[in-house]
Every structure is written in structure tokens, then in C-alpha cells.
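Open the model in your viewer and keep the selection tool ready.

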Amino acid sequence: NNATFVAGETVAPGDIMAVFGQQLFFSAPANAAATPLPTTLNGVSGSTSTVQVLVNGQAAPLYYASYNQINFQLPFETQPGQALVQVVRDGQAGNSISLEVAVDQPRILPFAVGNYGIVQNATQGGFAISAAAGSALGIGNVHPAKAGTDYITIYAIGLGPVAPTVATGAAAPGSPNLANTTLATKVVFSSGNPFSPSPTVNASFSGLAPGFVGLYQVNVQVPADAPKGNSIGMYVVTGGVTSNPVNIAIQ
């Protein structure tokens, strides 16, 4: 998955994925130019190279392609269980690899510093990380979330089916026809103390982020009893499945 990049993890339909290898694309790196995402990317700068990613024989939408990495969307039509992924470059099929697909497998997108999650402070603007983390990441607009007041927006993948449904490769719709997850979503703010309960809050919105392909967002108000500090653990639970933990800053 394109959130944690842990090889071999179970994934979910609609996930933003990355496949790595060699000789995947004989061109300078190429990006999809518009939505809906194409299922074939063509070479740039005069290159005639083309590439596809097949999932159980179905051509998947492509975000990006390079010599050793392709980013693609796992089709929403992919059924739970084993799935086969194969790259086809210039009509030549590569080896197939298998992966395990579940109904949902939530994963929060993390920054590269201190395991901070890509979490916006929806009330104050900027990201809900510490000033030190912002400096390390080169981000000046940071606002730790205020407990009991601020709302945050968590960006993630793998939160499962949505209603109304969104076509594979298509950008998610905006208001008033937001694509809401059909599985209950909660956010847990870890107390860090096994003898103290961790505040848990139901999401005020959980669904596909408007205008994006395969990206989910979870909106929630930080509870008044949330622990305070610059590195507070937090994770999402969707349909009973727990995401990776990330850190945010809470005041």
C-alpha cells in the first residue's frame, strides 16, 4: 500500500498501491494528466513505451510510472481473497505476484518524521504536528490541535466500501453527494497508559476525499479528555479493523 509501504500487508479494494521492480517502463517518469485515471500510461519525450498493471486480468488505473515503480489503484471490483498483479510493458507481460485483499484495511498516511500522520487541523488550518516536526519537514503552517475544540482531518486509504459508489479511477464527488464509508469509523487517541482508557470518538465524516482518487478522509473533533503533548498516538478503526498508529500534537 502507498501509505506505509510495508511489503506483504493485506490491502483493500480502491487502495492506492505501489509496485516495484525492474524494466517496468522504458521512458522518463510519467504521471496521469487527468481524471478518470487512464489504464495505460504512454512514454514521454518521444518514447513509445507503454505500460499497464493488471489485477486479476483487469487493467488498473495508473497514477505514475517509472523504470522501477508504478503507482496504481486497486480496482474497487477486486474481490476479497488472493489477487494476482502483473505489469505489461510494451505488450510484454511480466511475472505475476499475489496479494491478499480484505474488505477494508485502514492505513493512515504518515509523514517521514517522527511517525506523524498527515492530519490537518481543520479548525485552525495547517497540520496538527509540533513546530519541531514542521521545521524538520519544511512545513511552516502547523497548529497542534486543541482538545475539546478543534476538528482534524485524517488522510488514509483502505477504509472500505462507500455509498454512493464511485467508479474505479474516478475522482470522488463533493458536497452534497459525498461518498461515505458504509463501515462504522472511530478514532482512538492513545493514552499511552495500559491502565487508563484511551478516548474514542465516532467520526463526523468518513469517506472518499472529494476530488481525489482512492484517498479517504476522516473528520473528527479532538475530545476534551484527549491526552496532551507533541507526540500523541492516534489510530483509526473501521469495521473493527485497526489502522497503523501515527502521532499528532494536541494541546
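**Stop 1: two cis prolines**

Select Pro164, in the loop between β13 (162–163) and β14 (180–181). Strands here are DSSP runs of E with at least two residues, and helices are runs of H or I with at least four, numbered from the N terminus. The peptide bond from Ala163 to Pro164 is cis, with omega near -5 degrees.

Before moving on, note the ground rules: this is a predicted model, with local features needing pLDDT of at least 70 and side-chain atom pairs counting only at pLDDT 80 or more, while totals for chains, interfaces and linings use all residues. Residues are numbered from 1 along each chain as its sequence is written, and side-chain values use heavy atoms, leaving out hydrogens and water.

Now jump to Pro36. Its loop runs between β2 (30–31) and β3 (41–42). Thr35 to Pro36 is a cis peptide bond, with omega near 0 degrees.

**Stop 2: two positive phi values**

Most residues other than glycine have a negative phi, and most peptide bonds are trans. Select Phe5, in the segment before β1. Phi of Phe5 is near 60 degrees, a positive value in a residue other than glycine. Is Phe5 buried, partly exposed or exposed? Phe5 counts as partly exposed, at 42% relative accessibility. The cut-offs are under 20% relative accessible area for buried and over 50% for exposed, with partly exposed in between (1.4 Å probe, protein chains only).

Go to Ser45, in the loop between β3 and β4 (50–55). Ser45 also has a positive phi, near 55 degrees. With 75% relative accessibility, Ser45 counts as exposed.

**Stop 3: strand β7**

Select residues 69–73. Five of the five residues of this strand, β7, are buried, so β7 is largely enclosed by the rest of the structure. Show the side chains. Gln69, Asn71 and Gln73 point one way from β7, and Ile70 and Phe72 point the other way.

Which strands pair with β7? One is β1, antiparallel over five bridges. Another is β6 (residues 62–65), antiparallel over three bridges. Pairing requires at least two DSSP bridges between two strands. Pick Phe20 and look across to Gln69 in β7. Then pick Ala65, whose bridge partner in β7 is Ile70.

**Stop 4: the largest pocket**

About 610 Å³ of space lies in the largest pocket. Of its 28 lining residues, Ala18, Val19, Phe20, Val85 and Ile97 are the closest to the centre.

A pocket is an open set of points on a 1 Å grid over the protein atoms alone, where a 1.4 Å probe fits, with protein on both sides within 12 Å along at least five of seven lines; lining residues have an atom within 4 Å of a point. Points join across faces, edges and corners, and the volume is the space filled by probe spheres set on them.

Colour by strand. β1 (16–20), β8 (81–89) and β9 (92–101) each supply at least two lining residues. β9 gives the most, with eight. By class, the lining has 15 nonpolar, ten polar and three charged residues. Nonpolar covers Ala, Val, Leu, Ile, Met, Phe, Trp, Tyr, Cys and Pro; charged covers Asp, Glu, Lys and Arg; the others, Gly among them, are polar.

**Stop 5: the second largest pocket**

Select Pro13, Phe76, Thr78, Pro80, Val103, Gly160, Pro161, Val162, Thr165 and Val166, which line the second largest pocket. Its volume is about 190 Å³. Its lining has seven nonpolar, three polar and no charged residues.
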